[in-house]
Structure formats: structure tokens, C-alpha cells
Amino acid sequence: MSGAQLWNDVDDYFSSQLSTDDEALRAALRDSGAAGLPPISVTATQGKFLQLLAQVQGARNILEIGTLGGYSTIWMARALPEDGRLVSLEYNAKHADVAARNLARAGLERIAEVRVGAALESLPKLADENPAPFDLVFIDADKANNAHYVEWALRLTRAGSLIVLDNVVRGGRITDARSTEPDIVGTRAAIELIAGHPRLSGTAIQTVGSKGYDGFAMARVLA
Ligand code: SAH
Ligand code: DHB
Ligand code: MG
């Protein structure tokens, strides 16, 4: 059995045993696929992991950068109380539209809001609204801007908030210091920023599964 097949089977095993799935989530993936969105959402077990992180944080406010069809959004928004709020930033209007419908079907339209535009344009507008600090920030958009997104996350959080970055391993390409791939350059810059920042304490965890070999970085805001 190949490594990838084995990882897939283990993901399937945990997903089914732990019921990390339901009709609204399955429908979100189905409709995202039908609308031609790329199949790059977090996996079910990763979505549940994000939900648990939000719960451990006691999150009331969550910021997501990179919505796609709203699959990760649904997982995290379900961790919020009724008066909680999730803001998700998405560049592609079609993705945002599919996500809004998926969120409505999941009954989350009053909690989760998708804002269309380049995140580096939406973030200053969001900051101008003086929002309550976000307890969790999930960064999962154009990886080239990852360091900028961590900087924005620092401006929009509080001591004790958690910042999570998706896709920091990319099959191991992250270790290539000479890479000119914008995604790798951007993610390496984010890791350096986390490593050297006095207000952040971070780590990174490698993952395998139905999305291959990748990983998350996580950083707690210290002050
Ligand atoms: N978080 C989603 C997956 C996001 S995929 C999930 O796990 O379900 C990455 C998304 O980021 C894509 O929808 C892409 O259109 C969006 N994106 C790319 N560049 C962006 C930018 N500059 N600002 C905001 N979103 C962007
Ligand atoms: C890609 C983006 C993601 O956010 C992800 O989780 C996997 C793949 C991509 O752009 O290829
Ligand atoms: Mg991702």
C-alpha cells in the first residue's frame, strides 16, 4: 500500500470513528466541487481540530483569511456562542458566494460573514471598525502574504489569542531556503517573524492525511 493510500485510509478511519462530519459539511464540499472550486479545504479531522482550538480558546470572535467554500469556516463558527462572530476574508467573489450559501445552509449566516476582496485591502478596513479582539485567527489564503497576515493578526488580537497558519510544510518544500516560489518565500518569512517576535510563542506541526504531507504553524500572542 502506498504512503498516500495509507494516509487516506487512516484519515477515513478517524473521520468515521470520530464522526467528524455531517450533512451540512458534506453538502458544503459537494456544492463547492459542483461550482468548480478547487478541492483544497481542510480535511474533516483538521476542521474538527480547528473547532477544538476555538473551543479551548473560549473564542467569541474568529478571523479567517481565505474562505474558499466556507468548509473550515463552518467548523470554526460552530465553536462560537450565538452572539459570537466570525469574519472570513475571500478574494474570489464566486468562492465567497458559494461560501455564503454553505454557511446559510449550516444555519450560521448570523454568526459568520464573508467579506469579498484582497485580504490586504480588507484588513485595514476591518481594523478601522475597531473590532473586539479576535481570539483565533486562521490564515489560509495566498501563502505569499503569510508574513503580512501574521502582522495584521497581531494588530487584531489580544494577549492569549491564537494564530494558526495552514500549509506550512507543502511536502517538505518549506526547508528550501533558496526557493523562489512565492508561497514558500512567504511562509518562510512568516515562520521567521513568529520565531523572532517578542509577542509570539510558536510552533509548527507536520501532518499527513488525505491532503498529503503538510502542516500547521501555531502561535500564541503573549502580550
Ligand atoms: N480555508 C478554506 C480553504 C481556503 S483556500 C478551507 O479550509 O475550507 C484559499 C482561499 O484563499 C481561496 O478561496 C482563494 O481564493 C483565497 N485567496 C487567495 N488570495 C487571497 C487574497 N489575497 N485575499 C483573500 N483571499 C485570498
Ligand atoms: C492549496 C491551498 C491550501 O490552502 C491548501 O490547504 C492546500 C492547497 C493550494 O493552493 O494548492
Ligand atoms: Mg489551506
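The numbered points below go through the two ligands and then a handful of individual residues.

1. A word on the source before anything else. This is a predicted model, so please take each distance and angle below as a value computed from predicted coordinates.

2. Let's begin with ligand 1. Its surroundings comprise 22 residues, and the closest are Ser72, Glu90, His95, Ala119 and Asp140. By residue class, the shell around ligand 1 holds 11 nonpolar, 7 polar and 4 charged residues. Two elements that each supply at least two residues of this shell are helix 4 (71-77) and strand 2 (85-90).

3. As for cover, ligand 1 has 580 Å² of accessible area on its own, and the protein covers 89% of that. The space that ligand 1 takes is the largest pocket.

4. Now for ligand 2. Around it are Ile40, Asp140, Lys143, Asp166, Asn167, Arg170 and Lys211. How does this shell divide by residue class? It has 1 nonpolar, 1 polar and 5 charged residues. Ligand 2 also sits in the largest pocket.

5. A polar side-chain atom of Lys211 lies 2.5 Å from an oxygen atom of the ligand. For Lys143, an N or O atom of the side chain is 3.0 Å from an oxygen atom of ligand 2. For Asp166, a polar side-chain atom lies 3.1 Å from an oxygen atom of ligand 2.

6. Asp140 deserves a point of its own. Is Asp140 buried or exposed? Its relative accessible area is 15%, so Asp140 is buried. Its side chain is joined to that of Lys143 by a polar contact of 2.8 Å, and Lys143 is the residue whose side chain has an N or O atom 3.0 Å from an oxygen atom of ligand 2.

7. Asn167 is found in the loop between strand 5 (157-166) and helix 8 (182-196), and with a relative accessible area of 9% it is buried. For Asn130, phi is near 45°, again a positive value in a residue other than glycine. Asn130 lies in the loop between helix 6 (119-128) and strand 4; its relative accessible area is 66%, so Asn130 is exposed.

8. Next, a pair of side chains. Asp135 lies in strand 4 (residues 134-139). Why does Asp135 count as buried? Its relative accessibility is 7%, which is under the 20% cut-off. What does its side chain meet? A polar contact of 2.9 Å joins the side chains of Asp135 and Arg158.

9. Ala104 is in helix 5 (residues 93-105), and its 37% relative accessibility makes it partly exposed. Although Ala104 and Ala24 are 80 residues apart along the chain, their C-alpha atoms are separated by 9.6 Å. Gly107 is in the loop between helix 5 and strand 3 (112-116); at 53% relative accessibility, Gly107 counts as exposed. From Gly107 to Arg158 there are 51 residues in sequence and 28 Å in space, C-alpha to C-alpha.

Terms used
Residues numbered from 1 in each chain as written. Chains lettered and ligands numbered in written order. Predicted model: local features only at pLDDT ≥ 70, side-chain atom pairs only at ≥ 80, totals over all residues. Heavy atoms only, no water. Near = heavy atom within 4 Å. Areas by Shrake-Rupley, 256 points an atom, 1.4 Å probe, with all protein chains shown as cover. 1 Å grid on protein atoms, 1.4 Å probe; cavity = no way out; pocket = protein on both sides within 12 Å on 5 of 7 lines; lining within 4 Å. Sits in = over half its atoms within 2 Å of the grid points. Helix = DSSP H or I, 4+ residues; strand = E, 2+ residues; numbered from the N terminus. Nonpolar A, V, L, I, M, F, W, Y, C, P; charged D, E, K, R; others polar. Buried < 20%, exposed > 50% of the residue type's maximum accessible area, 1.4 Å probe, protein only. Polar contact = N/O pair within 3.5 Å; in protein donor to acceptor, adjacent residues only side chain to side chain.
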